[in-house]
Amino acid sequence: LLGTYGTEFGVPVYVVGGFVRDLLLGVENLDIDLVVEGNGNEFGKYVADQLKIKYLSHEAFGTCSLFFKDGFKLDIATARTEYYEEPAKLPKVEISTIKKDLYRRDFSINAMAIKLNPEKFGLLLDFFGCKKDLDNGIIRALYSLSFVEDPTRILRAIRFEQRFNFKIDENTLDYMERTIENNYLEKVTGTRLREEIEKIIKEKSPINGIKRLGKLKIISHLFPYTYYTPTLENEIIKMFAFYDLLNKENKKYIENTNKFYILLYVILQYTSIDVLEFIRVKYGLPKNFVEKLVDVKNVFNKINKEDIKFSEIYELTKKFNNEQIIFLASKISDKMREHFYKYLKKLSNIKLPLNGKDLKKMGYVRNEIGIKLDELTKIELDK
Ligand code: CTP
């Protein structure tokens with residue numbers, strides 16, 4: 001239908017990027033990007049008028065979004081060549097052809113288009129040996145300055161490599177390593193880096209992505225004065241495993257848990273306070289982030305005793321949130337972690353003989369109620 005509208009309006013219309021990649025791989029992808037050779041905004045308006053649906057234009061970028069009645073959203077862009085006035089900054093945009101539009105993209109596997117106009121419906125545009133790379137499982141940058149212009153592509157390469165179990169082409173790896181060594185990641189804002197790291201840890205096996213970040217020394221470029229060591233790797237593995245365990249047990253527990261914060265607690269635990277503060281601001285972390293990290297560090301040694309009672313664990317950790325609990329689990333012995341898991345299970349199922357309301361009726365005031373409830377909890381935990 002969109003292709004037919006394209007022909008009526010007199011513009012070639014293509015579906016591009018990740019959707020084409022996933023279509024050829026047979027993977028579901030509901031994120032459809034269209035590119036028009038011509039004015040994408042005016043075309044979007046034309047389609048919205050025909051279908052009587054909502055339309056939002058982002059004039060400066062030559063893009064627009066269409067909102068279908070069933071909630072589906074479609075982005076339409078104008079074929080463009082981006083040029084960078086400064087490395088690692090957002091690009092300036094110029095109207096262009098589909099070939100140039102595809103060439104400015106990150107990797108060959110993401111640089112194919114399929115035509116939608118009825119005359120050539122389904123025609124695959126593959127100018128740079130993209131399909132061959134997809135078939136051979138190769139991640140290849142289209143030009144040598146790709147990572148310099150957009151260093152977040154370094155993190156994207158790792159994400160796609162892990163997701164599809166592909167291999168990064170040798171030259172591409174070389175460009176990546178040079179861009180990393182020349183401190184280009186440091187030029188990117190924390191917000192953009194955070195988005196990419198969060199995407200890596202949302203993948204199926206986040207540990208493989210993290211291992212790759214460690215091996216390529218990217219961790220030290222993302223977080224200054226932080227080093228990826230075998231000890232740290234082991235702790236990250238334990239952290240992800242405990243996160244998955246709690247997730248399997250109780251989906252709700254994890255819904256309100258920020259995986260990115262836990263990862264950062266683990267990675268940054270050896271970093272000094274002033275550097276931590278710099279990183280906190282850069283990545284837009286909450287004000288009490290450093291304090292919460294230090295609070296957990298303070299109980300590492302106290303909790304690592306095999307004969308520790310549940311009531312003692314409660315006393316040490318009762319103020320911790322989910323992120324702190326999982327971070328702590330990465331720091332204790334395997335045996336202790338089993339004990340800690342049983343403790344958490346018991347705590348979440350606990351039934352107290354009296355609740356806050358009962359205590360209020362009995363004449364207890366605010367502070368006392370908290371103290372009394374703690375006491376009752378500890379008694380139940382040790383039963
Ligand atoms: N793209 C790019 N450089 C970037 C980000 C995106 O060239 N730094 C291009 C790629 O062609 C990509 C498309 O924009 O396919 C859409 O980007 P995005 O939606 O972020 O990624 P997808 O490839 O669709 O991947 P995912 O399945 O993870 O959404």
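**A pocket, a helix and a sheet**

Colleague: Which residues lie nearest the centre of the second largest pocket?
Modeller: This is a predicted model, and in it the second largest pocket is lined by 17 residues. Of these lining residues, the ones that lie nearest the centre of the pocket are Leu246, Tyr253, Leu344, Lys345 and Ser348.

Colleague: Which helix gives the most to the lining of the second largest pocket?
Modeller: Four helices, namely α12 (230-249), α18 (310-317), α19 (322-329) and α20 (334-348), each supply at least two residues of this lining. The largest share, six residues, comes from α20.

Colleague: How many residues of the lining of the second largest pocket are nonpolar?
Modeller: The pocket itself has a volume of about 320 Å³. Its lining residues divide into three groups, with three charged, five polar and, as the group asked about, nonpolar residues numbering nine.

Colleague: Why do the buried residues of α15 line one face of the helix?
Modeller: The buried residues of helix α15 (residues 273-282) are Val275, Leu276, Ile279 and Arg280. Seen down the axis of α15, these residues line one face because they fall within an arc of 145°. An α-helix has 3.6 residues a turn, so residues three or four places apart point the same way.

Colleague: Which exposed residues does the face of α15 turned away from its buried side carry?
Modeller: On the buried side, what covers the residues of α15 includes α14 (259-268) and α16 (289-297). The face turned away from that side carries residues that count as exposed, with over 50% relative accessible area, and these are Asp274 and Val281.

Colleague: Which residue in β2 does valine 15 stand opposite?
Modeller: Strand β1 (residues 13-16) has Val13 and Val15 pointing one way and Tyr14 and Val16 the other way, and all are buried. β1 is joined by four bridges to strand β2 (residues 33-36), and the two run antiparallel. Within that pairing, valine 15 stands opposite leucine 34.

Key: Residues are numbered from 1 along each chain as its sequence is written. This is a predicted model: local features need pLDDT of at least 70, side-chain atom pairs count only at pLDDT 80 or more; totals for chains, interfaces and linings use all residues. Side-chain values use heavy atoms; hydrogens and water are left out. Buried means under 20% relative accessible area, exposed over 50%, partly exposed in between (1.4 Å probe, protein chains only). The arc is that of the directions from the helix axis to the C-beta atoms. Contact means heavy atoms within 4.5 Å. On a 1 Å grid over the protein atoms alone, a cavity is a set of points where a 1.4 Å probe fits but cannot get out, and a pocket is an open set with protein on both sides within 12 Å along at least five of seven lines; lining residues have an atom within 4 Å of a point. Grid points are joined across faces, edges and corners, and a volume is the space filled by probe spheres set on the points. Ala, Val, Leu, Ile, Met, Phe, Trp, Tyr, Cys and Pro count as nonpolar, Asp, Glu, Lys and Arg as charged, and the others, Gly among them, as polar. Two strands pair if DSSP finds at least two bridges between them.
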